[in-house]
Amino acid sequence: YKNISDEIIHIVQQEFDCDLTLNYIADKLHYNANYLSSIFRKETNMSFSDYLTHFRINKAKKWLEETDITGKEIAEKLNYNNSQNFIRSFRKVEGTTPGKYRDTKRNH
């Protein structure tokens, strides 16, 4: 890893389906969470939580396009507490609901 952010990104890519928090990653990498937060923001120009959200939404988009997994199942796979949180998060990033996103992709 050339920097700490690469390590954090690697953990997100491996464990995106777990209850990932900056505190968990800080413990794992033996750093202070606030320190990691500021380093990550400096190196990536985004907050850890924004990165994690975008990573999960991109996973969801792939599954919506390529599988028949329901939105509820995707929410569970991505470790959202409930499907409404997932839908809200998806809409905030993509400007549409997971269901509409899938319909649009399938009809093109």
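**Notes on the predicted model**

1. Asn 45 is exposed, with a relative accessible area of 72%. This is a predicted model, and Asn 45 lies in the loop between H3 and H4. Phi of Asn 45 is positive, near 65°, and the residue is not a glycine. As background, most residues other than glycine have a negative phi.

2. His 30 is another non-glycine residue with a positive phi, here about 60°. His 30 sits in the loop between H2 and H3. With a relative accessibility of 71%, His 30 counts as exposed, because the cut-off for that class is over 50%.

3. The loop between helix H3 (33-44) and helix H4 (48-66) also holds Ser 47. Is Ser 47 buried or exposed? Ser 47 counts as buried because its relative accessibility is 11%, and the limit for buried is under 20%.

4. The side chain of Ser 47 has two partners to check. One is the side chain of Ser 49, in a polar contact of 3.3 Å. The other is the backbone nitrogen of Asp 50, which the Ser 47 side chain reaches at 3.1 Å. Apart from neighbours within four places in sequence, Ser 47 is in contact with Phe 40 and Arg 41.

5. H4 itself is 19 residues long. From its first C-alpha to its last it reaches 27 Å, close to the 27 Å expected at 1.5 Å a residue. The buried residues of H4 are Phe 48, Tyr 51, Leu 52, Phe 55, Arg 56, Ile 57, Ala 60, Lys 61, Trp 63 and Leu 64. An α-helix has 3.6 residues a turn, so residues three or four places apart point the same way.

6. What covers the buried residues of H4? The cover includes helix H1 (4-15), helix H2 (22-29), H3, helix H5 (71-77), helix H6 (83-94) and helix H7 (98-106).

7. Two packed helices are described by the angle between their axes and the distance between the axes. For H1 and H3, the axes come within 9 Å and cross at roughly 100°. H1 is therefore roughly perpendicular to H3. On the H1 side the contact involves Ile 4, Ser 5, Ile 8 and Ile 9, which meet Tyr 35, Leu 36, Ile 39, Phe 40, Glu 43 and Thr 44 of H3. By class, seven residues of this contact between H1 and H3 are nonpolar, two are polar and one is charged.

8. The axes of H2 and H3 also come within 9 Å, with a crossing angle of roughly 100°. H2 is therefore roughly perpendicular to H3. In this pair, Leu 22, Asn 23, Ile 25 and Ala 26 of H2 meet Ala 33, Leu 36 and Ser 37 of H3. The contact of H2 with H3 has five nonpolar residues, two polar and no charged. Leu 36 is listed in the contact of H3 with H1 and in the contact of H3 with H2.

9. For the chain as a whole, the count is seven helices and zero strands. Of its 108 residues, 38% count as buried. The C-alpha atoms fill a box of roughly 45 × 25 × 20 Å along the principal axes. Among contacts in the chain with a separation of 6 or more, 55% are between residues 24 or more positions apart.

Note on methods: Residues are numbered from 1 along each chain as its sequence is written. This is a predicted model: local features need pLDDT of at least 70, side-chain atom pairs count only at pLDDT 80 or more; totals for chains, interfaces and linings use all residues. Side-chain values use heavy atoms; hydrogens and water are left out. Helices (H or I, at least four residues) and strands (E, at least two) are DSSP runs, numbered from the N terminus. Buried means under 20% relative accessible area, exposed over 50%, partly exposed in between (1.4 Å probe, protein chains only). A polar contact is a pair of N or O atoms within 3.5 Å; within protein, one must be able to donate a hydrogen and the other to accept it, and residues adjacent in sequence count only if both atoms are side-chain atoms. Contact means heavy atoms within 4.5 Å. The expected span of a helix is 1.5 Å times one less than its number of residues. Axes are lines fitted to C-alpha atoms, for helices over the stretch in contact, and angles run from 0 to 180 degrees between N-to-C directions. Angles under 35 degrees count as roughly parallel, over 145 as roughly antiparallel, 65 to 115 as roughly perpendicular and the rest as oblique. Ala, Val, Leu, Ile, Met, Phe, Trp, Tyr, Cys and Pro count as nonpolar, Asp, Glu, Lys and Arg as charged, and the others, Gly among them, as polar.
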